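Student: I would like a close look at one part of this model, the sheet and what surrounds it. Please take me through it strand by strand.

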Amino acid sequence: MNTLRIIVLGSGSIIPTKNRFSTSFLIEYSMGRILLDIGPGTIEKLRRRHIHPNSIDRLFITHFHLDHTLDLPALIKIRMFNELGGPLQNPQILNIYGPTGLSSFIDKLCSHGGVYGYLSEMMGNLDFLRIHEVGEGLVEESGNLRVYAVSVEHYNGLAYRLEIDNVSIAYSGDSIYDERMIKLAEGVDILIHECSFPKELLLGKHTSDEELIEIGRRTKPKLLLVNHLYPAWEGREKELEDKLRKNTECKVYVVKDMDIIYV
Ligand SMILES: [Zn+2]
Ligand SMILES: [Zn+2]
């Protein structure tokens, strides 16, 4: 029986399209539930999959852009309530990992005087949050979970490599073609990588299809999951998938919201 599932909660950009909205992935494994990024729509997609947000143990944030973080205050507030909407005296611990600046980011949102300062007033404090500002290298080790991080070129962004139940998963977040990401993802079982735009339309610090071919060739994942598609890809997903398949040695799948990948 599969013990590890990856649920695609968001596979697009900040601009909603038929099958895609902002980024988030849920990884379910033998010891718990992990979120990778938490863009707008994440909480609603969890609801559609009948997964209570309080069951998330760990959240790994790649960077602070709103298409990767906007549902975080909602996740924190939900944590304060039981299933009937009554107050929870002892909310479940939530571990949040992210780049330098994570503590200040959460402070500006939730501390007394923050944008949503009433959250601190409700709880007195938010000590059920465990904030981990992480650098590079091994950033978490617990039971059969190991997590490594590297910096990537995208607004103080991080990429992660998770080793869980003997499965390795690398996750780019947003990034340009970056040697550090390639080293992190070498030989991984599953590579989740962004492909924001076709090469001719590439904008900002993102990855194009041509660059992703090179990344696939060099890292050789068993499975390449392609995400963070801007509307420029709308209706061209099959073309993208075929091109990546043809030019790399990898199995390739362009994910869409609500997909479940059984590992
Ligand atoms: Zn970004
Ligand atoms: Zn993004």
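Tutor: Start in the sheet, with β3 and β4. They pair in the parallel sense, over three bridges. One contact point can be named: I34 has R58 in β4 as its bridge partner. To get from β3 to β4 the chain goes through α1, and this β-α-β crossover is right-handed. Keep in mind that the model is predicted.

Now go to the other neighbour of β3. Strand β2 covers residues 24-29 and pairs with β3 in the antiparallel sense, over five bridges. Here E28 stands opposite R33 in β3. The two strands form a hairpin, with two residues between them. In general, strands of a sheet pair through backbone hydrogen bonds, either parallel or antiparallel.

Next, β4 and its partner β5. Strand β4 spans residues 58-60 and β5 spans residues 94-98. Their pairing is parallel, again with three bridges. R58 stands opposite N95 in β5.

G41 sits in the loop between β3 (32-36) and α1 (42-48). Is G41 buried or exposed? It is buried, because 21 other C-beta atoms lie within 10 Å and the cut-off for buried is 20 or more. Leaving out residues up to four places away in sequence, G41 touches G10, F21 and S22. D71 is 30 residues from G41 in sequence, yet the C-alpha to C-alpha distance is 7.0 Å.

Helix α7 (residues 209-219) packs with helix α8 (residues 237-247) at an angle of about 35°, and their axes are 9 Å apart. The crossing of α7 past α8 is right-handed. On the α7 side the contact uses D209, L212, I213 and G216. On the α8 side it uses L240, K243, L244 and N247. By class, that contact has four nonpolar, two polar and two charged residues.

Terms used: Residues numbered from 1 in each chain as written. Chains lettered and ligands numbered in written order. Predicted model: local features only at pLDDT ≥ 70, side-chain atom pairs only at ≥ 80, totals over all residues. Axes fitted to C-alpha atoms, helices over the stretch in contact; angles between N-to-C directions. Helix = DSSP H or I, 4+ residues; strand = E, 2+ residues; numbered from the N terminus. Left-handed = near helix turned anticlockwise from the far one by under 90°. Contact = placed C-beta atoms within 7 Å. Nonpolar A, V, L, I, M, F, W, Y, C, P; charged D, E, K, R; others polar. Pairing = 2+ DSSP bridges. Buried ≥ 20, exposed ≤ 12 C-beta atoms within 10 Å, placed from the backbone. Right-handed = clockwise from strand over helix to strand, strands pointing away.
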